[in-house]
Amino acid sequence: MITDSTLQFTMLGSLAAVHGGNVCRPTAPKVRTVLALLLARANYLVETDSIIEELWGAEPPRSSVTTAQTYIYHLRQRLTAAGIVEDADDLVVTTAPGYILRVDEDRIDAVRFQRLSDEGRHLLEAGHAEQAAGKLRAALGLWRGPALADVPAGRLLEGHAAHLEEGRIRALELRIQADIFLGRHRQLLPELRTLVSAYPLNEWLHARLIEALHRSGRRGEALMAYQSVRKILDEELGLEPSAELRRLQQDVLMDEMPPVVERQAALPLAG
């Protein structure tokens, strides 16, 4: 297993292998796909059949086994030539009936993201909002774009990328929740406005915008934000706002402001 602390793999954005000042970004699309699949299952066997399915779907060419082996060969060549490892055979190990990428999983940004997110969630559950916010910011700071942004993805990698993106949203919700606990309502407003535009059907984000506006003394804008999400839900899904959104509307209308801890205790922690 490769444990060099200067070796890094990035999946949260463009795919790359980095070692010190050396960077390897395979130019051949299918070689990038093979590297991404091995990273997604780091330290587990990836069968040749899975590689073939990811590269060609249900209709692989007759030469698919040989061609997949060629892509593994080119991947090893690129990693060695770029100075990522001295011998890529120690990193990408042939193990019948496939291959294993043997590496300390903390060298992979997606794995570090999950670890930091979990730590942040546990801290928040324990009532340590400031520390939780720091962990979650560190986790979110690992992202440099959409997951596997430059990788041609088949069924397996599409599912993995969707899983990573869902994890990012959960971590973002947790970090917002931590900031609300800390009374950072005004600071959150620009970010929340951007987020509800990007995720118009996410009622949790709309609720946090309404709450932040209300707690910032902007009742009129809070009511407008409620009417906006109500219209979106009706036009897009034919649904009424959730019970939480309706409770928030009543709080604004009555100019009631439940304590943050009480309000948050009524909400399940994201994730």
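This is a predicted model: local features need pLDDT of at least 70, side-chain atom pairs count only at pLDDT 80 or more; totals for chains, interfaces and linings use all residues.
1. In which sense do strand β4 and strand β6 pair, and over how many bridges? They run antiparallel, and two bridges join them. β4 covers residues 46-47, and β6 covers residues 98-101.

2. Strand β6 has another partner. Strand β5, residues 92-95, pairs with β6 in the antiparallel sense over four bridges. The bridge partner of V93 is I100 in β6. β5 and β6 form a hairpin, with two residues between them.

3. Now the whole chain. The secondary structure comes to eleven helices and six strands. The C-alpha trace spans about 70 × 40 × 25 Å along its principal axes. Of the contacts with a separation of 6 or more, 64% join residues 24 or more positions apart.

4. What share of the chain is buried? Buried residues make up 47% of the 271 residues. The chain exposes about 13100 Å². Carbon and sulfur atoms supply 52% of that area.

5. The largest nonpolar core has 80 residues. Those with the most contacts inside this core are F9, L38, I51, L79 and I176. Helix α6, residues 155-181, gives the most to the core, with ten residues. In soluble globular proteins, nonpolar side chains tend to be buried together.

6. Which residues does I176 touch, leaving aside its neighbours within four places in sequence? The contacts are L188, L192, L195, W204, L205 and R208.

7. Finally, the surface. L201, L237 and L239 make a nonpolar patch of about 260 Å². L239 lies in the loop between α9 (219-237) and α10 (243-253).

How values were computed:
Residues are numbered from 1 along each chain as its sequence is written. Side-chain values use heavy atoms; hydrogens and water are left out. Patches are made of residues with over 30% relative accessible area and no salt bridge: like charges are joined within 9 Å, nonpolar side chains (Val, Leu, Ile, Met, Phe, Trp, Tyr) within 5 Å. Accessible areas come from the Shrake-Rupley method with a 1.4 Å probe; for residues, only the protein chains shown count as cover. A salt bridge is a side-chain nitrogen of Lys or Arg within 4 Å of a carboxyl oxygen of Asp or Glu. A nonpolar core is a set of buried Ala, Val, Leu, Ile, Met, Phe, Trp, Tyr and Cys residues joined through side-chain atoms within 4.5 Å. Buried means under 20% relative accessible area, exposed over 50%, partly exposed in between (1.4 Å probe, protein chains only). Contact means heavy atoms within 4.5 Å. Two strands pair if DSSP finds at least two bridges between them.
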